[in-house]
Structures are given as structure tokens and as C-alpha cells.
Amino acid sequence: MDQEQKIELAHRVALISGIFCGVVALLLILNFWHMKQHEPLESKTIEALVERLASEPGNEELKEEIRSFDLLARKAYFTSRWQVKTGTWLMLIGGIVLAVSLKIYTDLRARIEEPGKVTEELLRGRANAQYWLMMAGGLILGLALVAGFLTNDYLKEYQEMGVVAETGQDQGDVEVIELFPAQDAGTEASDEAVETEPVAEMNSETDIEAATDEASDGEPSGAQVKAATTQVRFNREDFKKNQATFRGYMGLGISYHKNIPEAWNGSTGENIKWKVASSKPGYSSPVIWGDKIFISGGDAQSRVVTCYNRHTGQLLWEKEVTGIAGSPASPPRVTDDTGLAAPTMAVDGNRVYAIFATGDVVAFDMNGNQVWGRNLGVPNNHYGHSSSLQVWDNKVLVQYDTNSKGRMLALNSATGETVWDVERPVHISWASPALIEVEGKIQVVTTADPYVSGHDLETGAELWKVEAMMGEVGASVAYGDGLVFATNEYARLVAVEPKPDAEYTWENDEYLAEASSPVAYNGLLYTATSYGVLVCYDTKTGEKKFEKEFNDGFYSSPMIADGKLYIMDMGGVTHILKADATGTIIAEPELGEEGFAVPAFADGVIYIRGEEHLYCIGK
Amino acid sequence: MIKRIPRVALVLVTLILLTGSFLHAQQRFPKPEFETGYMQPSPTTPEPRAMALEYFDVLVLLAVLSLASWLAIRKRSRRGLLWLSVFSLIYFGFYRDGCICSIGAIQNVALSIFDSGYAISITALLFFVLPLLFALFFGRVFCASACPLGAIQDLLVIQPISIPSWIRKTLGFIPVIYLAVSVLFAATGSDFLICRYDPFVGIFRMDGPFLMIFLGITFLFLGMFYARPYCRIFCPYGVLLGWMSKFSKWHMSITPSECIRCKLCEDSCPFDAIEVPVEQSYRAPEVARKNLRRFILYIALIPLLTIVGGWIGAKSHVFMSRVHPDVYLAELMISNPELREDEENLDIQAFLESGDTFEQLVEQAAVIREKFRKGSMAMGGFVGLVLGITLMNQVVFRRREDYEPHKGDCFSCGRCMDYCPVEHHKSTVES
Amino acid sequence: MDKKDKSRDKGYNRRDFINNGVRLALGVSVVGTAAFTLKRSATGKDYVWQIDPLKCTQCGRCATDCVRAESAVKCVHAYDLCGYCDLCGGYFKPGAKLETGAENQLCPTAAIQRRFIEEPFFEYIIDEELCIGCAKCVKGCAAFGNSSLHLQIRHDLCLNCNQCSIASVCPSDAISRVPVSDPYIIRGSFTSEEEG
């Protein structure tokens, strides 16, 4: 064989093996793509057939069909695996042949080249190399820098929130001590008063006391305004008289007022005594003390607390929440359907307390002077914090379950200092604490995923808990006939006796509320769902008394007043029913705008916060 | 009190709760007492490869390196080196499935230095050290015939084309960055980048993910024209070997005795690693002065580049740290809290199931990020430093009168030796 | 030897000197690194990859993310833990009839064989040739049974990659290096430590 023939042979071998490799590679790629596409072991057809079989279990033909499909799928899978194995071996052999023949071919054809062609001028090459090295180096470092600047350090943001919470707490405490000696003196004074006349505590009369002179003398010269000079002594009757917190007295959805209007119309102005536009949006409900009504609102720019004269609608004061140590520079991301001011405030006659989705808790005196403020740590809450405050005696109760941890706090109402702070093994929740009285002791009852639990008011210690909830708990609890009722969508509605080793007295999962809290009254439990069904159960047995479906869903919670049940749907229509086992509809007045807040009741009037306005309704 | 609740399938939640809570439960169904004398089989547990065999691998490596050194420097046999590389390809490549390899061992060493919890195997350590020590004395004989990745590419050099030096130098900077990044990732326990993107391991195993095989075949195809592309454009171990080899005591030479400057070998090297004689004209006063000025400039630039590199490295640490799965997960859960409800997101669901608190995860991620801050700074500084030195080297002209292999770039494959007429003369005289 | 040659020799000597110095430095640094590493962590032990069944969440990635087309992860049956149930959560689809037809089997490759032993007990044997490590049976067994089915990395198949590609995607960090002397983590009395 001469040189030419050898070259020719090598060329042919190379060509053939090259084509062979190409074909095998193509087949392998096709096989790969086919398997990716069909995934025989995850066959949807079989799944569908099996599902069908579940509904017609006796169908032998169907069974046969499934079996043959299954066999086919398995065959396809294992054949493909065999193909891949064989294909790779063929590729390898083909590749070796190709490489060797190509090598021989090029070696045989290679001619000794004439030496001495300097392909490149050295100096020029070096200069080029410097230029391109600098370019490449600069490009890479530049890209790294740009990437560095464009990346958002979420971790740091998150941790700063945490740090803020800690330092905020410390500073808050320090600030209170330094700037408000008057407050301290005031509380001391009232403590003394309690000691000397313990009966006065239970006295139903409103007890107004002038602050001691020493307190006024010890006034700080700082920019902060001086504290309120009058003190209202804690007294249950005041809380029954004033709808001072979310869902009224103890947060249980019952008003003690009578003579509540049954007819109004927001659009025509029928029975509307006054209406004002709220300055900032907020889903929180109005709270009342004496002649004053308060609402909170907030947007990205600022959070405000507003106070009106409740008889005239005259704006008394509006204060921005500012100067709180540890408050984030920009508010956390919240969804539009929750906003920054979803939690309802609480008022106790001395101060009005507000909490916002920024984690700021603030107290103003009745004249709008900021008494204290602190940040509890920006809540890691993907919709926005919405658990409302409760106030009892000298404690402001905060349910603070976030994605980071479950927490329940009591703050000193006069100073904002932490009285107790307990960590709870629960997930994030949006429900609000309610108060119940068991054997003469007040308990704070909360609901979250997975526990419904009762805490001692004085220490925060957990008195009982029961695993009942799951998911994103939004509805707060109801209490009646010695039973606590908790509900959440996708979980269940349970009735639980508040005692250690609590068990479900009864449970039901037919209609479950998403945001609207249930209310128990006269042996009946009412609960409303976000898809517009109002259901009534017997509190003792769980027997369903009635269910009524309405056109619109409920986010607002029902309130009982004057033997009637008032509940507003999302469209702003209030449904007034007889609070009995029949649920006869009395009237369905319209607000004329959307509404999500819980109405506030006073003698002869009802206050409703709509999307845009605050209405006073009455004759 | 308004919120929206994602429609979670109740069944799935229940299932997860069930699996979660029962995972640690005691046996729900007690083991039966058999009456028929049934013997319970044992589970299948095939033993792993014996450890002694790993030490045998080290021995093989040592033998191959020694033999290669002898073949390159004493015997001067291209043929010998070629067959030795075929052996390495078959043994370390196809038989040992391409793992362990010296290139990947960089990462094991890096991880074991920075993570006290990780114990490196002696085999990996020796695979890292031996080729470097050999390079320090005999040049890159590892590349010549012990590295299976080099061997498979070397055997497929068909029609190499010559590349201008500035392109080579610029591309030659990529391995430095690759080295820095892979050491950073390995040291922080994030990922073994070199192993993940090893293009040939899939071919050695004749099995592997599609991308890996595709990458391997692409490299081999490219290698027909741009000889040993992985070695020259990516191999991070090559950077270390190059440094060692540059100062090697005995390096393979083109000619066995005196170079006659016949220029015959000039085109013989497929890797453009032969340095031609530097003529006196480069030492002309005006050129020399200009070069000296540049030299001083670059010397001054080196610390600056190091600092700037370090600063940029530190700046980009947030970005870099996302390779670590924990950091990634923590950031994902902070930035997209709604994903907690996403049943499809296995990572988040597995974390939520694990019972660790989110705070723990964030804390852990912060620790890793801090490591990354330091590491990225060092990495950036390193890249800046090497850039400065490479630039400086561009203005250093050594007087050279003979054709010599570039000691840093030369793979000691011995191709050029066959071209040297002195060699042929000598061998004919000897025989 | 003329003057020129002398100067050349001198130049080379200086270069040699520098070369020797740098070589020494490089050699010391390589050996130093090695020694440091050795002192710090090399234990002389070798490690292999293994799955901790207690951490495993049966996500199914073992079947898809191994570098091998046929995953080195397969199901292993810890018979010691098995309840030999008639209704096996690892064998049957939820709600299926207790018949061995394909419509009732959970395993996509029919790799589990069910064999009657005595009333009312059944033995379940895994056909390792067919098993693809998808963890469906493991999930089923964990949810409704004793968790006697485990995913394990089979060391006759595992290539012991430097970085296990399944480990880097495992959502529950269940895959880690274990000493080669104790290469399997199977629950039950096969292992010395009983679960807590």
C-alpha cells in the first residue's frame, strides 16, 4: 500500500467512523429528549386511569388497561436505559476509531514546514497582551463590582430588624425612665392609692385623680410633652360603657348598649349624623372613650392616630407616630389587603394605645401627647401585622406571632415597659387576643397555628393549650357558656373548655371563617365565612341552628348589641339579625362604600369605618 | 384584620404533618412472632471499595510521575510519554472513573484547611501534593502523562493552530480566576465547582448528566484544533503546576545538548509553549528605557491592584455567598415569604419540616456570609495580585539565545524533542 | 574563557540562585500546606457518602440527581423494623385494594415483591435491579408504617465522587460523609444505635 492509498484509507475510515459517531450521538440525544418529554414512570395516563378506577372499583377492563399501560411504561424506561448504555459503548468505540484514523490521516499528510516564519513580533505581542490583560482584568473586576452593588443583602436587612428590636427595647426603657419621671411618680401615687383603699378598685364610679404636685414639679425640660395630668382608675364598667378595644369589652364581640339604629343609608345620608374622611388608610376599627372616638391609619410615609369628638365629628387632634427608637426608616413590605394600620387600637381613658405593622407600639394621652413609644422589632409578617391590642388594668396586651417566632407580651400601660414577654411554640398568626374570666381570674386567650391557649394575665404563664388550628389563623376566639371557640379556614371550628388538658368539647369543619371572628351569645355561637355564609351553632352541643348565605363575604366580625347581631359584609352592607336561633333578618342597611372594620357602638349610635370615611349613624 | 390565605390542599398538609410527627415515632406495628419458622433476611449492603486500593492508586500515581520524569528528562522519549499517558487515561480515567484526581483535590485541601469538621483523606492530600513536588523538580510531568484529563485531550490533538500570544496570555488569566473562585467555594463548604464542571469525568464513566457529556465532547472537538483547551483555559491546578514548574530544577529541554537554532522545532509545539531566542534589538536603549518605566509602573501597581481586588472582592461577597444553599434558602425565605406556602418548593418545605427555627437558619447563613466576606476579599486580592504580576512579566525580557520550552506553560509532552536534529544526530551516533 | 563568557556565567549564577531560593520557598509552602492539613484534619480514615434515613424527606431527588443515569441510591429494606403488614403503605397506593395488580402498586417499576409468609403476614423484598431510588415506597412506609424502607447509597454503584451531586441538592442535608468502616445507616438492630 503506498502513501496515497494509506491516506485514502485513513480518510475513509475517519469519515465512516465520524458519521457513525454522529448518528449514535443523535440517537442518544433523541433518546434523552424523549425520556425528558415523556417520563414513562411518571405517566399521567396511568394516574388518570387509577383515579378513574377509584370511582368504579369493579371495572376489570380498566384494571387490565392500567396493567398493560404500566408494563409498557416500565418497558420503555428500561429499554431506554439499555439503549443509553449500548449507545455510549458504541460512541466510545467509534470515537477511538475516529481519533486514530484522523491522527494517521493528518500525520501522513503532514509536510515538514519551512522553518523560520516568525509569526509574531515579540514586542508587539507583549504590548497587546498587556492591553488585553488590563481590559479583561478590568472587565472582570468591574462586573464583580457591579454585581456587588446590585445585590440586595436580605440577610443584613433581616438581621437589622432583629437588632433594632433589641436596641429599641433597651432604648425604649431608658427613655421612659429618663424622660418621664412624672409618669413614674404618677403610677407610684396610684399604687399607693390602691394599697390604702383596696375597695376603691372595685368601685364602679369613675375615679378621677389629680396628679400629685411632685409629679408636675419633676417635669423634664426636654422637647417631650408632659404627661396627662388626670388619671382614670381602672374599672370594668368603663370598659363595658366604652367600646375601647377590638370587638368591645374583653374582645368578645358583645356591646352593652341599647337603642342602636337599624336603618341608614350612607349614600343618601339617611340617619347619618356626620361623616369624615379618614386621612390615611387603615383596616383597623374605631375605638371609643367618653366623648372621643379614635382611628388609626398609615401609609409608607407616616402612621397616624386621629381623635374626633364623637358627637360632632370635629377633629380634635391627629398625631404622627414619630421619634420611636428602633422604628425602621421605611416600613416593611405589606400587602394592600392588610396595610400598615390593620390592628385596632385600645384605649383606657388615660391613654390610647396603637400598634402598626412597623412594630411600633405607641401611647398618646387623651389630648394627643405621645406618652411613650417603642418598637417591638419589625414583625416578619408577609401580609402585615394585624393582631389588635387589648388593654386591662395597667397592661397592654400584644399578640406578636411572626414568621420568626411566636410571642405574647404585656406592656406597662403607663410606661411601655415590658411586664412579661413569653415565647410561644406557634407559627405566625393574625388573630387578636381576647380576655376571659375563669374562676375569678382573667386569662388572655390567643389562637394561632397550632395552639389555642390561655395565659395568665399577671405573668403570661400558659395555663392551658390545645392543638386545634393550622394554617394562617386570622379569626380571634369567642367565649361563652364556659367554652372557648376558635376557628380557622382549612382547620376546624372547635369548642374547648379552658382548663389544663383541654379537649375539644365539639368540633365542626363545615363552615370555617377566614378573618371574621365568631361571637357567642345566649347559648348560641355565630360565625361568618369569607364566602358569605353566616352560621349559628348551639354552644353546648355544636348543633347547627341555621345557616344563611349572603351575596358578599365577611371579613368584619359580628357584634351583638341590644339582642341583635350586626355584621357588615365586604360590600359595606350591614346585616342586622335577631340574635336567636332563628336569625330572622331585621334590616340590611347600606354604607355605600366597602368596609372591613368592626362597628363601634355607643348609646343610640353606631360608628362604622368604611374604606374611605368614618360614619356616625344615629338619629 | 384582612389577609388572603393561599388555597393549601388540606390533604397535603395533613400528610406532611403525619410524616413529620411519625418520623420519630416508635414502631407502629410490632414485629410479628412467626410460627412457620420464617427466617428474616438481612438488608443488602454491598461493601465499598477497599481502602487498600486507594493507597494503591497513590502508588500508581507515584510510579507514573517517576517514570514520566525519567522519560521526559533522561530517556527523552515522546513515545514513552505517549504510552504512559494512554495508561493513565485507562487507569485513572476509565478504570478509576476519574475520581480522585489532583485537580479536584485542591478543593479537599481548601475545605480541610478552613473547616475543621472535614477530614481529608490521605489519598486526596497526596494526590494534591505529589504532582506539585514533581513539578518543582521536573516540570509539569503530571500534565504530560499522569493526568487523565490531559491525556484524553492530548491524544485528540489533530490539527493544532497557533494562537497569538496576547490571546493566550489573556485566556491564561481565566484559570487564575477559576482557581480563586473554586477555592473560595470549597473553603466555605458551598460547592465543589471543579468537580461539578469537570468536562471529562462523564466520558470516563460513560455515564452522567447530559450537560456534562455535552461539555466533554465539545471540549474534545475544540481540542482537535485548539490543543488541550481545558488545560490551557480552565485548569486551576495548572496554575499551581505552572508556578512550580517555572522554577523547576530539572526541566525537559528541547535539545539534548547544544541548540543550533535551526528553528525546526518552532512549529512543533501544539501549545505554543516554545520560546524563541530574544534578539539583542529588544535591549536597545530606547526600548529598554520604555520597558523599565513600564516595569516600575507595574511594580507600583501590584499593591494597588491587590487592594482594589480585595475591596471589590469584599464588595461582591453578598453576591458570591448565594452559591451556598443555606444562604440562598435564608434569603429566598426573607425576600419571598409567600414561598413558605409553596408545596412545590422542596427546599423550603424540607426546612420547615426539619424543626429548625428560621432564626437558626439566618444565623447560620450570616456565619457563612461572614466567611464569604473574608474569603472574597482574599480572593479578590489574589486575583489583583496575579494580574499585577502577569502584567509585570510582560515587560521583562530575559536574554535567551536558544529555543527553550516555556517552563510555566510546557506540559513536557516531548513532541518538540522529535523535531530536534541534534537529537536525531545523537541517537544515530549512539546506535 | 573571555570576559563576555564570564559575565554570562555570573548572570546565570544569579538566576540560578534566585531560582533555587524561590523553589525552596515554593517547596516549603507546598509541604507546609500538606503538613498543616495533615495535622489539622487528616485522620487516615476514608469516607463514603451515605443517607441518614432520619433526616431524609423522600423528596425524590435521589432518583434524578445522581451523576449516574442509574442512581446509586436504592431502597433497602430493614426487615428488622418491618411489621410484615398485609396493608403495606410502601407497597400499595393509598386506598388501593390489597391485590398485587399494577393498578394497586405504588412502585413505578414494580420493584417490590410481596410474598405471603403466614396469616396475616407478608414479606416485602426489593428487587434491586429494578429499583430506581424514587423514594415513593419510603414515603408511604414512613407515613403509614414503621419506616422500615430506607433509601441508602449503594456502595457497589456509588462512584464516591469528591462532591456528591445529590448531597448538594438534598433539601434536608441528609447526605453526608460517613466512615468507610461503617458505610450504611440502617435503622433497627442492624446498627448499634437505636433511634431515640
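Predicted model: local features only at pLDDT ≥ 70, side-chain atom pairs only at ≥ 80, totals over all residues.
Local features need pLDDT of at least 70 and side-chain atom pairs count only at pLDDT 80 or more, while totals for chains, interfaces and linings use all residues. Residues are numbered from 1 along each chain as its sequence is written, and chains are lettered from A in the order in which they are written.

**View 1. Chain B as a whole.** Chain B has 20 helices and two strands (DSSP runs of at least four residues for helices and at least two for strands, numbered from the N terminus). Of its 431 residues, 54% are buried (under 20% relative accessible area, with a 1.4 Å probe and protein chains only).

**View 2. Helices H9 and H14 of chain B cross.** Look for H9 (residues 174-187) and H14 (residues 236-246) of chain B, whose axes come within 7 Å and cross at roughly 110° (axes are lines fitted to C-alpha atoms over the stretch in contact, and angles run from 0 to 180 degrees between N-to-C directions). H9(B) and H14(B) are therefore roughly perpendicular (65 to 115 degrees). Here B:Pro175, B:Val176, B:Tyr178 and B:Leu179 of H9(B) meet B:Pro236, B:Val239 and B:Leu240 of H14(B), with contact meaning heavy atoms within 4.5 Å.

**View 3. An open sheet in chain A.** Four strands line up as E8-E9-E10-E11 in chain A, with antiparallel pairing (strands pair if DSSP finds at least two bridges between them). At the edges sit E8 (346-347) and E11 (370-375) of chain A, each pairing on one side only. Between E9 (residues 351-355) and E10 (residues 360-365) of chain A you can find five bridges; A:Val352 has A:Phe364 in E10(A) as its bridge partner.

Notes
Heavy atoms only, no water. Parallel < 35°, antiparallel > 145°, perpendicular 65-115°, else oblique. Buried < 20%, exposed > 50% of the residue type's maximum accessible area, 1.4 Å probe, protein only.
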